[in-house]
Amino acid sequence: MKLRAISLSAMWIALLTAAAFAADINGKWKADYQSPDGQARTTTFTFKVDGGKLTGTAASPMGEVQLQDGKVSGDDISFFVIRNFGGDDVKIVYKGKAAGDEIKFTVNMAAMDRTFEMTAKRLP
């Protein structure tokens with residue numbers, strides 16, 4: 001009985017510890033991708049993780065914007081940015097999964113009814 005209690009305690013500690021660690025995505029990342037309109041594009045992200053909070057910027061030829069509502073939980077990443085297209089502010093939502101030196105994102109521009117995939121790679 002005592003051994004079972006110790007085993008269960010150890011399992012819970014391991015699970016809670018794993019959940020507490022966020023992916024190490026601090027630094028610069030570059031994504032070369034094809035946008036929904038067929039254009040080749042590049043975005044450079046600068047990420048800073050503090051616990052489960054993600055801050056930073058997204059820079060492209062359209063300029064640099066701040067990440068908003070950034071979150072990191074394990075290897076799951078989410079945030080949004082606001083970009084201006086033709087005088088209209090558009091919310092662009094990024095949801096990704098980090099694996100080593102890559103982050104695979106699904107990008108959603110709901111106001112424009114567009115979703116696409118991109119992969120960001122860590123810069124040295």
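Begin by selecting strand S1 (residues 27–34) and strand S9 (residues 114–122), which run antiparallel and are joined by three bridges. Strands here are DSSP runs (E, at least two residues), numbered from the N terminus, and two strands pair if DSSP finds at least two bridges between them. The model is predicted, so local features need pLDDT of at least 70 and side-chain atom pairs count only at pLDDT 80 or more, while totals for chains, interfaces and linings use all residues. Residues are numbered from 1 along each chain as its sequence is written, and side-chain values use heavy atoms, with hydrogens and water left out.

Within this pair, Ala31 stands opposite Ala120 in S9.

Next, select strand S2 (residues 40–50). S1 and S2 pair in the antiparallel sense over eight bridges, and Lys30 stands opposite Thr44 in S2. Five residues lie between the strands of this hairpin, where Gly38 takes a positive phi near 90°.

Now select Thr43, which is found in S2. The contacts of Thr43 beyond four places in sequence include Trp29, Ala58 and Ser60; contact means heavy atoms within 4.5 Å.

Finally, select Asp69 in strand S5 (residues 68–73). Asp69 is not a glycine, yet has a positive phi of about 50°. Asp113, in the loop between strand S8 (102–109) and S9, likewise is not a glycine and has a positive phi of about 55°.

Technical notes. Helices (H or I, at least four residues) and strands (E, at least two) are DSSP runs, numbered from the N terminus.
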